[in-house]
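Please have the structure open while reading.

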Amino acid sequence: MTQNENSTAPIVRMEKVNKHFGSLHVLQDIDLEVATGEVVVVIGASGSGKSTLIRCINGLEEFQDGHIEVDGNELTPHGKSGKALQKIRTEVGMVFQQFNLFPHLSVLDNVILAPMKVRGWSRADAVETAQRLLERVGISDQAAKYPSQLSGGQQQRVALARALAMEPRLMLFDEPTSALDPEMIGEVLDAMRELAREGMTMIIVTHEMGFAREVADRVIYIHKGEIAEEAPPEKIFDTPEDERTRSFLARVLKH
């Protein structure tokens with residue numbers, strides 16, 4: 001699906017978003033806008049709220065205060081969003097840490113299921129799209145196999161093709177390489193690099209700092225539920241302004 005490059009309104013707008021898990025204040029007054037075609041990478045320590053932030057964007061987590069708008073559809077606090085949430089779920093693709101593939105379905109059937117069930121496509125149209133996407137992520141020769149017959153990297157690329165099959169306006173990635181063996185990380189990142197080159201709007205939570213520097217238009221550092229700093233990658237990684245950012249990067253970049 002071609003992104004609307006002339007659109008001036010942000011595809012994601014978060015204003016003063018707060019999220020609590022009991023007494024734990026996970027997100028604190030989050031203000032964030034993402035433009036169509038932009039690649040935003042979210043970094044931070046484990047438990048800082050990165051995954052919760054993107055899960056709020058497609059309604060997988062409820063928030064208690066603030067305002068979230070995705071492609072003109074408004075999410076309201078406490079999960080009372082109704083049809084807006086349904087619309088967002090069809091326009092936003094998500095790739096998780098775990099692959100969440102259906103083990104009893106072939107690779108091809110995993111990819112065609114949502115377009116047929118949600119979009120109402122014919123099987124022929126869904127199969128044609130699935131074959132094109134599996135080729136796009138480099139596993140067209142695995143279409144007849146089952147998830148258990150694939151490597152972790154291959155399974156994650158199937159999950160990516162499955163998300164893309166819904167022709168999303170926005171892709172969310174929640175640490176998509178964290179469950180992979182080191183030798184498999186590169187093949188998933190390569191597929192994501194290609195999406196970035198094609199202009200897909202993406203919000204990516206990752207610990208892969210080299211990848212973040214390479215693909216991001218903007219990097220956001222979250223510290224204890226707050227956006228501590230946001231800037232182009234060269235600014236964040238080379239001359240961060242916030243002491244919390246400097247301390248975090250000093251820890252992760254020396255490994």
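Helix 6 provides the largest share of the lining of the largest cavity, three residues; helices here are DSSP runs of H or I, at least four residues, numbered from the N terminus. The model is predicted, so local features need pLDDT of at least 70 and side-chain atom pairs pLDDT 80 or more, while totals for chains, interfaces and linings use all residues. Residues are numbered from 1 along each chain as its sequence is written, and side-chain values use heavy atoms, without hydrogens and water.

A cavity is a set of points on a 1 Å grid over the protein atoms alone where a 1.4 Å probe fits but cannot get out, and lining residues have an atom within 4 Å of a point. The largest cavity holds about 40 Å³ of space, the volume being that filled by probe spheres set on the points, which are joined across faces, edges and corners. Its lining consists of Arg-136, Val-137, Leu-160, Leu-164, Ala-191, Glu-194 and Leu-195. Helix 5 and helix 6 (182-198) each supply at least two of the lining residues.

Helix 3 (residues 107-119) has 13 residues and should span 18 Å at 1.5 Å a residue; its end C-alpha atoms are 19 Å apart, which agrees. The expected span is 1.5 Å times one less than the number of residues. After helix 3 comes Gly-120, with a positive phi near 75°.

How values were computed
On a 1 Å grid over the protein atoms alone, a cavity is a set of points where a 1.4 Å probe fits but cannot get out, and a pocket is an open set with protein on both sides within 12 Å along at least five of seven lines; lining residues have an atom within 4 Å of a point.
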